[in-house]
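Here is a briefing on one protein chain. Please look over its sequence and model before reading the points.

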Amino acid sequence: MGYAYCPRCQRAVRFKASAAGGPTWLKEVASSLGRGEPAVLYCISCWLVPEVGDFIAVLDPPYGETGVEQGAVGKVVEVEGQGPFRKRFLVEFTGVSGSPKVQHLFHAHQIQAAGVEFDSSIPVSLHPPREDS
Ligand SMILES: [Zn+2]
């Protein structure tokens with residue numbers, strides 16, 4: 001059992017690393033993870049890629065006087081672009097700045113899935129590098 005921190009939301013993440021069936025050196029790596037320098041691992045909320053209809057929480061608010069602050073929860077109404085790093089998420093917020101509905105476009109790193117409950121540790125399975133390159 002080790003502790004990591006999520007680089008996106010700075011939350012502590014509990015994980016359990018194993019290397020079942022792996023070589024001895026890999027099992028030693030697995031058992032030593034979480035000691036010394038804290039490991040970096042996305043938490044479940046940040047790891048999930050939101051889809052239309054999902055609720056998200058804002059980690060990094062948009063610039064300007066938008067009324068949308070860190071921690072605000074909105075609903076994804078549109079996903080633009082392809083690929084994990086090119087997607088943009090159009091998120092709708094209700095009851096912000098006196099307006100009934102406000103929409104903002106976010107990059108993936110600015111938001112995380114909201115309402116995701118996880119109390120167990122994240123199982124991480126390590127495997128030796130593949131030979132086929
Ligand atoms: Zn996170």
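The model is predicted. The protein chain holds 2 helices and 9 strands.

**Overall shape**

- From the N terminus, the elements run β-β-α-β-α-β-β-β-β-β-β.
- The C-alpha trace spans about 60 × 30 × 25 Å along its principal axes.
- The radius of gyration of the protein chain is 18 Å, whereas a compact globule of 133 residues would have one near 14 Å.
- Of the 133 residues in the protein chain, 17% are buried.
- Take the contacts between residues at least 6 apart in sequence: 58% of them join residues at least 24 apart.

- Strand 5 (residues 73-80) pairs with strand 6 in the antiparallel sense, over 5 bridges.
- Within that region, Lys75 has Glu92 in strand 6 as its bridge partner.
- Strand 4 and strand 5 also run antiparallel, joined by 3 bridges.
- Here Phe55 has Lys75 in strand 5 as its bridge partner.
- Strand 4 pairs with strand 8 as well, antiparallel and over 3 bridges.
- Ala57 has Gln112 in strand 8 as its bridge partner.
- Strand 4 shows two faces: Ile56 and Val58 are on the covered one, Phe55 and Ala57 on the uncovered one.

- Strand 1 and strand 3 pair in the parallel sense over 2 bridges.
- Ala4 stands opposite Ala39 in strand 3.

**Nonpolar cores**

- In soluble globular proteins, nonpolar side chains tend to be buried together.
- How many residues are in the largest nonpolar core? The core has 9: Ile56, Val58, Val68, Ala72, Phe89, Val91, Phe93, Phe106 and Ile111.
- Strand 4 (55-58) and strand 6 (88-96) each supply at least two residues of this core.
- Strand 6 gives the largest share, 3 residues.
- Another core lies apart from this one; it has 5 residues, among them Ala4, Leu41, Cys43 and Cys46.
- What does Phe89 touch, leaving out residues up to four places away in sequence? Its contacts are Pro50, Ile56, Val76, Val79, Phe106 and Ile111.
- Among those contacts, Ile56, Phe106 and Ile111 are also members of the largest core.

**Gln10**

- Gln10 sits in the loop between strand 1 (2-5) and strand 2 (12-18).
- Its phi is near 65°, a positive value in a residue other than glycine.
- Is Gln10 buried or exposed? Gln10 counts as exposed because it has 9 C-beta neighbours inside 10 Å, and the cut-off for exposed is 12 or fewer.
- Gln10 and Val58 are 48 residues apart in sequence, with their C-alpha atoms 13 Å apart in space.
- Val58 in this pair belongs to the largest nonpolar core.

**Ser120**

- Ser120 lies in the loop between strand 8 (111-113) and strand 9 (122-125).
- Why is Ser120 exposed? Ser120 is exposed because 8 other C-beta atoms lie within 10 Å, and a residue with 12 or fewer is classed that way.
- Ser120 and Gly34 are 86 residues apart in sequence and 16 Å apart in space, C-alpha to C-alpha.

Key:
Residues numbered from 1 in each chain as written. Predicted model: local features only at pLDDT ≥ 70, side-chain atom pairs only at ≥ 80, totals over all residues. Core = buried A, V, L, I, M, F, W, Y, C linked by C-beta atoms within 7 Å. Buried ≥ 20, exposed ≤ 12 C-beta atoms within 10 Å, placed from the backbone. Helix = DSSP H or I, 4+ residues; strand = E, 2+ residues; numbered from the N terminus. Contact = placed C-beta atoms within 7 Å. Pairing = 2+ DSSP bridges. Rg over C-alpha atoms; globule rule 2.2 N^0.38 Å.
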